[in-house]
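Thanks for coming. I will go through one model this morning, starting with the annotated regions and ending with a few single residues.

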Amino acid sequence: MSDPALFEMRDLTIETVRDGHRRRIVEGMSLSVRHGEIYGLVGESGSGKSISMMASVGLAAASLDITAGDVSFAGRRFAASDRRGLRSNLSHGVSLLFQNAKGALSPFLTTGAQVERVLAGRLPKSTCRREAIELFRVCGLNHADLADKYPHQISGGQAQRVAMACALATEPRLLIADEPTTALDVTTERELLRFLTRLCRERDLAIVLIAHNLSLVAEYCSGLTILHAGQIVERGPLASVFAEPLHPYTRGLIAAVPDVDAPHELEPLAGSVWGGRSDIERCRFSHRCPFAQPDCEAGVPALLPRAGHEVRCILYREDAT
Amino acid sequence: MRPMRIPPVLSYVLRRVAISIVVLIGISAVAFSMAYLLPSDPVTSRYPDISNEQRAEMRRQMGLDQPLIVQYARYMESVFRGEFGRSLGTGNSVGEDLARRIPATLELAVYGILLGTALAIPLGMFAAIRRGRPTDHVLRLVNIAIQSVPAFWLGVVLIFVVFYQLRWAPTPVGRLSPLYSPPPFFTGFYTLDGLLSGKFDVALAAGRQLILPVLVLGLGVVSPLARITRAAMGESLGEDYVTFGRALGLRERQVVLGDAFRGALIPIVTTFGFVVGNVLAGAAIVETVFSWPGIGRYAVTAITTSDMAPVSTCILLVASGVALTNLLVDLSYALIDPRIRHGYGK
Ligand code: SF4
């Protein structure tokens, strides 16, 4: 792994005030993605996975305080709180896909016009049409059929491909895909993910695949990070994590994936996500953990290297018996 | 051979126009009865010192002794002839009177609405973008201040300060100071007609007369429009398509003006429809304060002298204006949002 990272997020911390309490909704989040890699970011809703990726491109909601961390992309480093700087990456190699592609496309423009308007940012006007036709083709869409339609006239799967054509129009080297297939049926989901994998190979495109569905990540990613309540609980190469899942949360997740082909959500675990008060220091999983013991409440466990990857749980401390 | 198909938008317009005509006839009946029921008597208010026999004779001559239904029928007949009855005050047909006064009111209203909109929309947008920050709070205070100033008071204060004290504005004597003669008629707007006929001094003089009344009328528009712009923009700025537009590296101007503003436009245009109605009502006050020879002042004079035909006709005119505005507002929805446009076909 001498290859330097394409994208690196270090120690991102995001806070907000809710119900009169300051809550740390993301804490010490780090992530590193190499060229052409598909990296999985897994967690249930509210775990901070989307928020931290949005923050990494300067698009976090204004009500969120980004109190620490920095992000580097292709050699340019910005403080995580520098929204303007981070947003400049968006026209220079980082792009996004959203879960709700129909809502993400502008309702006021035809699909063809949306792709062309992104292209117009970096190409002379005369070549935009030709390039748009090519992008439609790359994304498996028929330009003649769809370019004059509005987003409300096409299917969800088509909309996600149009969104992809828009994203590709920025010539990205990193695509942050926030549950891009959740709104689609299983067949369309597979097609789309297979297509994304092919893009990665052909265009040297790296993808951060945000998912609440561990089986998707297992199938397509080379490495993964599992977030719980705004903290990394386990991360490492996919093979190592799946061969020897350490954290009780990860084990719960993997146990909940009986068959990789049947997508499962993270619901089967008991209990809800931790409320996030930043003045309470303990293992944030303790109220759901079958192995919880008094020591778990003593402080936030450190992230420890074990079995070829990293885990945040006191069961794996050096002095643990 | 395919049967001829009426485009869905056109059939929608025709349907709306037909409904509007029925509604307007209803309004004319109500307006006429209300004018008839006014407590004062048109003859007494004009000739207070005549004998009862003379009064009865005058009423008979004017047709006032006829039952209400007959008077209304006569009025409607005159409406369809384009005369709209006869004004007891001016002696002309109401149609003639209005033809002379409508351009005066329109010039005032159009400039007032343009000014108010040009102020309100940027203010509202700016507040939405700065939501919750100090700029937003300051703008909200300004808005409340504007809203709480009544038009007649503002008009009188402006005349006092800007005309009497500062001498910046010309004497409020209506559309044009008596030193100038009106320009030839092209549009009915003295400012435009002055420019079109090359009489720039007349255009300038007419423009100077317009400043204060347009300001008063325009400020009345600012508050509701700015408020709805802030609310609607605040919502549309949070839409996924705005975030995605930003994520695609589109310029902020493209995202905010192109997508977010367009997303906010339907409630703004709806409010704009209400506002036009308010302006037509507000014109009565502003025209009275500034001696503006428009339909507002004409209507006020007619009401105070129980001049029935002008009162009914002015009500009918304002109602038609509001109906037309609402139709245009509805049609603009289809232009703004393709989802609504495609809905017409279904
Ligand atoms: S630290 Fe304790 S509570 Fe937390 S996961 Fe480990 S065993 Fe469970």
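**Domains, pockets and some local details**

In chain A, UniProt lists residues 9-254 as "domain: ABC transporter", from an unreviewed entry. UniProt positions are in the numbering used here, feature names are shortened, and annotations may be inferred rather than shown by experiment. This is a predicted model: local features need pLDDT of at least 70, side-chain atom pairs count only at pLDDT 80 or more, and totals for chains, interfaces and linings use all residues. Residues are numbered from 1 along each chain as its sequence is written, chains are lettered from A and ligands numbered from 1 in the order in which they are written, and side-chain values use heavy atoms, with hydrogens and water left out.

Residues 9-254 of chain A are 39% helix and 28% strand, with the end C-alpha atoms 26 Å apart. Helices (H or I, at least four residues) and strands (E, at least two) are DSSP runs, numbered from the N terminus.

On chain B, the UniProt record, again an unreviewed entry, puts "domain: ABC transmembrane type-1" at residues 102-337. That stretch of chain B is 79% helix and 0% strand. The record also gives "transmembrane region" at several places in chain B, including 141-166 and 260-286. Residues 260-286 of chain B are 100% helix, and their end C-alpha atoms are 35 Å apart. For residues 141-166 of chain B the helix figure is 85% and the end-to-end distance is 27 Å.

Next, the ligand. Which residues are closest to the ligand? They are Cys283(A), Cys289(A), Cys296(A), Cys313(A) and Ile314(A), out of 13 that surround it (a heavy atom within 4 Å). The shell divides into 11 nonpolar, two polar and no charged residues. Here Ala, Val, Leu, Ile, Met, Phe, Trp, Tyr, Cys and Pro count as nonpolar, Asp, Glu, Lys and Arg as charged, and the others, Gly among them, as polar.

Now the pockets. A pocket is an open set of points on a 1 Å grid over the protein atoms alone, where a 1.4 Å probe fits, with protein on both sides within 12 Å along at least five of seven lines; lining residues have an atom within 4 Å of a point. Points are joined across faces, edges and corners, and a volume is the space filled by probe spheres set on them.

The largest pocket has a volume of about 1600 Å³. Its lining has 43 residues, and among those nearest the centre are Arg87(A) and Arg246(B). Helices α1 (49-56) and α2 (83-88) of chain A and α5 (94-129), α10 (240-247) and α11 (252-289) of chain B each supply at least two lining residues. By type, the lining is 15 nonpolar, 14 polar and 14 charged.

The second largest pocket holds about 500 Å³. Elements giving two or more residues to its lining are α5, α11 and α13 (308-336) of chain B. That lining has 15 nonpolar, three polar and no charged residues.

Last, single residues. Gly194(B) lies in helix α8 (residues 190-196) of chain B. Is Gly194(B) buried or exposed? Gly194(B) is buried, at 0% relative accessible area (buried is under 20%, exposed over 50%, partly exposed in between, with a 1.4 Å probe and protein chains only).

Most residues other than glycine have a negative phi. Ala307(A) has a positive phi of about 50 degrees, and sits in the loop between β11 (303-306) and β12 (309-312) of chain A.
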